[in-house]
Amino acid sequence: MNYRMIISTISQLLRVEAALMLLPVFVSLYYHENIEYVFIMVIVALFLVSLISGLIKPRNKKIFAKDGFVIVALSWILMSFFGCLPFFISGAIPNIIDAFFETVSGFTTTGATILVDIESLPKSILFWRSFTHWLGGMGVIVFVLAILPHKDMQSMHVLRAEVPGPSVGKIVSKTMVTARILYMLYFLLTFMEALLLCIGKVPLFDSVNIALSTAGTGGFAIKNASIAAYDNLYMEIIITIFMILFGINFNLFYLLLIKQFKRAFKSEELCTYLTIVVACTLVIAFNIYTTVDNITTFGSALRQSSFTVAAIISTTGFVTADFDLWPSLSKTIIVILMFIGGMAGSTGGGLKVARVMILLKSAYNEVKKTLNPRVVRTIKIDGAIIDAETVKAANSYFIIYFLILLISTLLVSLNGLDFATTLTSVITCLNNVGPGLSKVGPVCNYSGLSYLTKLVLIFDMLAGRLEIFPIIILLSPSSWKKNR
């Protein structure tokens with residue numbers, strides 16, 4: 001373990017977080033809220049910590065693979081801790097565990113909240129809360145790679161540890177250029193959504209916050225009733241479209257940018273993702289139209305189902321309807337969508353469509369192999385053979401994922417809540433979705449849970465967003481042995 005390089009890299013990340021925290025300071029000044037001192041105190045603390053840690057100069061600047069995982073895991077924990085201090089110091093969230101829960105939920109783009117009255121908070125606090133989604137969506141460290149120079153091989157280990165999906169590749173030859181392209185596309189899509197919402201006469205502050213939350217597929221809203229508070233069809237259509245877009249692999253957007261339309265639209269993962277969205281939308285629409293009394297037209301059923309499916313599969317978690325009141329079939333589909341999540345290389349959470357495809361094809365091949373052992377079968381996606389290491393990694397991930405799910409569910413069950421609340425609170429946090437069912441449903445929040453449950457869910461949110469391995473490696477004693 002290259003301790004000095006780990007400390008040096010994290011000190012740079014903390015300086016970047018301090019600089020980014022200037023944005024809510026400007027928001028506070030603009031709206032004359034007089035709480036800018038809260039953010040300034042944290043900025044000073046961040047600079048002091050980064051300055052002191054920055055004094056430790058690395059003798060060897062090489063970053064090993066396990067160093068990359070540890071850097072990512074420690075960075076997210078430390079940035080979440082410092083990120084929660086404005087909530088705590090301002091009194092917006094007077095309990096430090098609740099403040100940490102809210103901030104981890106923000107950075108991991110989960111969107112699970114402990115806040116009861118969101119609309120009473122100052123605008124600068126609301127902006128910082130939404131901005132954590134935007135930073136966490138594409139990845140805090142990817143942002144740093146985009147603006148700070150790093151050696152390519154070093155930064156690739158860090159990129160692999162943070163970017164979601166069964167495998168990570170560079171769009172172009174240099175990692176730093178890849179990071180810049182990703183953030184350029186990310187910024188442009190966010191700007192487009194905010195602009196379209198403003199055109200629809202949504203207030204500017206609301207438009208920006210909604211766009212930030214949608215881009216990160218997080219789902220923090222600035223209204224107590226989430227998007228349902230606006231009751232605006234145009235707004236829902238725009239948000240639905242962008243939720244689906246942000247659940248798509250950003251590599252495909254790059255292919256469109258360089259006019260390789262055929263390669264982009266022939267993506268097997270994209271076809272599977274969109275097929276799931278359309279099929280689930282139609283099934284849920286028919287189900288709730290025929291069974292829910294207050295839905296009188298198929299159009300209103302389609303409006304609710306399309307928004308909800310987009311919100312859940314992209315793991316954004318915005319709400320326009322209380323799907324906890326829907327029939328069992330619809331709720332079951334929603335829970336399944338929580339597991340699937342968005343595409344690999346998107347800002348969405350969940351297992352990822354690509355990983356689910358690999359797991360299903362691997363299982364199918366094993367069944368075929370049992371029937372005909374002599375036949376050699378390979379797994380292909382987009383006509384390319386998936387190597388054995390990627391298949392093995394997907395299977396290992398799946399096993400560890402469900403072990404964490406089971407252990408977390410057992411620990412949360414100590415809270416004494418009903419089964420639906422216990423199970424879906426873990427599912428929704430591990431998959432970075434936000435709303436679950438029953439007492440953590442779309443019109444409820446996580447404020448009533450015990451501190452033990454919140455700590456377990458904090459671990460789940462971090463493990464889910466960082467794809468498990470960075471957190472596991474961070475907690476492994478063997479990882480902390482010095483490299484010789």
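The model is predicted, and the protein chain averages a pLDDT of 90, with 91% of the residues scoring at least 70.

**Confidence along the chain**
- Confidence is highest in helix α11 (residues 233-246), which reaches a mean of 98, and lowest in helix α8 (residues 152-162), where the mean is 53.
- Where pLDDT is low, the predicted coordinates should not be read in detail.

**The largest nonpolar core**
- The largest nonpolar core holds 145 residues, and among these I239, F250, L337 and Y446 touch the most other members.
- Helix α4 (residues 65-90) is the element that gives the most to this core, contributing 10 residues.
- When its neighbours within four places in sequence are set aside, L337 is in contact with I276, C280, V309, I312 and I313.

- S28 counts as buried because its relative accessibility is 0%, and buried means under 20%.
- Residues that S28 touches, not counting those up to four places away in sequence, are E33, N34, I35, E36 and S124.
- Y30, by contrast, has a relative accessible area of 62%, and it is therefore exposed, since that word applies over 50%.
- Although Y30 and Y3 are 27 residues apart along the chain, their C-alpha atoms are separated by 42 Å.

How values were computed
Residues are numbered from 1 along each chain as its sequence is written. This is a predicted model: local features need pLDDT of at least 70, side-chain atom pairs count only at pLDDT 80 or more; totals for chains, interfaces and linings use all residues. Side-chain values use heavy atoms; hydrogens and water are left out. pLDDT is the predictor's confidence in each residue, from 0 to 100. Helices (H or I, at least four residues) and strands (E, at least two) are DSSP runs, numbered from the N terminus. A nonpolar core is a set of buried Ala, Val, Leu, Ile, Met, Phe, Trp, Tyr and Cys residues joined through side-chain atoms within 4.5 Å. Buried means under 20% relative accessible area, exposed over 50%, partly exposed in between (1.4 Å probe, protein chains only). Contact means heavy atoms within 4.5 Å.
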